[in-house]
Amino acid sequence: MDGRVWQLLVDPAAFFDAEAPALSQSVGVLIATGAVCLGVIPPVLSLLESPVIPDEVVFDAFPPIQYVTADWAVSLPGTVGILLGAVLVLPLVAWIAFAALFYLLSWPIASVSGFDRTVSLVAWGFVPQLLANGVTLVALFVAFPATPTEIWRLGVTPPARIYASPPGFDPLFAATTVVGVGCTLWSGYLWAHAITAARGLTLRQGLAVVAVPTVLVVGPV
């Protein structure tokens, strides 16, 4: 594991007190998060095409996305394109939204300005989502049926946590939910350190700033 990422996970105070990572590295965290989230697309499409959802209007609700040249053409079902785009963009949208929200919430008590540093540091709070999503995807691909016969709950919540659960209670997916919720709270802890470093707060103040937004995006439990 990269030394900086390991430091982030075991000693976030030292990580965030050091020189801010390059913006390209911060964006890389979000791109990696979105790439992992793409793993939920195959089971989602399998569910849409299964007898559980027989209405083709759902799958064909949007016109296909086409790219045509003189020699070849590429066509992608509109629903697939929208799903792919939404999953990839969600971490980036959540990143900017969270950074702006934390910046505004910390404004009355901040002793340091600098939106750029806030944005750069907040991105690293998404790292625990990579762990949570990896665990969920492994469970999903092990247990998801080739042809679903019942509705599964599948999706991605802000701040980019994959959730999946079968129709009935399943200990495996209950465990993945616990991991996912825990990692989202872990993200909140990292965001508290990020805001503390970026805005000149105490850790207690940073925790107060991020507490409500983090709890609100825990997602399906």
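Reader: Which residue has its backbone oxygen 2.9 Å from a polar atom of the side chain of Ser 106?

Author: This is a predicted model, in which local features need pLDDT of at least 70 and side-chain atom pairs pLDDT 80 or more, while totals for chains, interfaces and linings use all residues. Residues are numbered from 1 along each chain as its sequence is written, and side-chain values use heavy atoms, without hydrogens and water. A polar contact is a pair of N or O atoms within 3.5 Å; within protein, one must be able to donate a hydrogen and the other to accept it, and residues adjacent in sequence count only if both atoms are side-chain atoms. The backbone oxygen at 2.9 Å from the Ser 106 side chain belongs to Phe 102.

Reader: Is Ser 106 buried or exposed?

Author: Ser 106 is in helix 6, where helices (H or I, at least four residues) and strands (E, at least two) are DSSP runs numbered from the N terminus. Its side chain also reaches the backbone oxygen of Tyr 103, at 3.0 Å. Buried means under 20% relative accessible area, exposed over 50% and partly exposed in between, with a 1.4 Å probe and protein chains only. Ser 106 has 0% relative accessibility and therefore counts as buried.

Reader: With which residues is Ser 106 in contact, leaving aside its neighbours within four places in sequence?

Author: Contact means heavy atoms within 4.5 Å. With the sequence neighbours within four places set aside, the partners of Ser 106 are Ile 195, Arg 199, Leu 201 and Val 209.

Reader: Which backbone oxygen does the side chain of Ser 187 reach at 2.6 Å?

Author: Ser 187 sits in helix 9, residues 171-199, and counts as buried because its relative accessibility is 0%. Beyond neighbours within four places in sequence, Ser 187 is in contact with Gly 125, Phe 126, Pro 128 and Gln 129. The backbone oxygen that the Ser 187 side chain reaches at 2.6 Å is that of Gly 125.

Reader: At what angle are the planes of the rings of Phe 98 and Phe 102?

Author: Rings of Phe, Tyr and Trp (its six-membered ring) pair if their centres lie within 6.5 Å; planes under 30 degrees apart count as stacked, over 60 as edge-to-face and the rest as tilted. The whole structure holds 10 aromatic pairs. In the pair of Phe 98 and Phe 102, the ring centres are 5.7 Å apart, and the pair is edge-to-face because the planes are at 75°.

Reader: How many residues apart are Phe 98 and Phe 102?

Author: Phe 98 is buried, with a relative accessible area of 8%, and Phe 102 is buried at 0%. Both lie in helix 6, about one turn of the helix from each other, with a separation in residues of 4.

Reader: How far apart are the centres of the rings of Phe 144 and Trp 152?

Author: The planes of the Phe 144 and Trp 152 rings are at 70°, so this pair is edge-to-face. Phe 144 counts as buried at 15% relative accessibility, and Trp 152 counts as buried at 10%. The centres of the Phe 144 and Trp 152 rings are separated by 4.9 Å.

Reader: Which residues form one aromatic cluster with Phe 98 and Phe 102?

Author: One aromatic cluster holds Phe 98 and Phe 102.

Reader: How far apart in space are Ile 41 and Val 80, C-alpha to C-alpha?

Author: Ile 41 is found in helix 4, residues 41-48, and is buried with a relative accessible area of 6%. Not counting residues up to four places away in sequence, Ile 41 touches Leu 83, Leu 84 and Val 87. Ile 41 and Val 80 are 39 residues apart in sequence, and their C-alpha to C-alpha distance is 8.3 Å.

Reader: What relative accessible area does Leu 88 have?

Author: Leu 88 is in helix 6, residues 78-106. Leu 88 is partly exposed because its relative accessible area is 39%.

Reader: Which residue does a cis peptide bond join to Pro 158?

Author: Most residues other than glycine have a negative phi, and most peptide bonds are trans. Ala 160, in the loop between strand 3 and strand 4, has a positive phi near 100°. The cis peptide bond has an omega of about 5°, and the residue it joins to Pro 158 is Pro 159.

Reader: What percentage of the residues of the chain count as buried?

Author: The chain has 10 helices and 4 strands. Of its 221 residues, the share that counts as buried is 44%.
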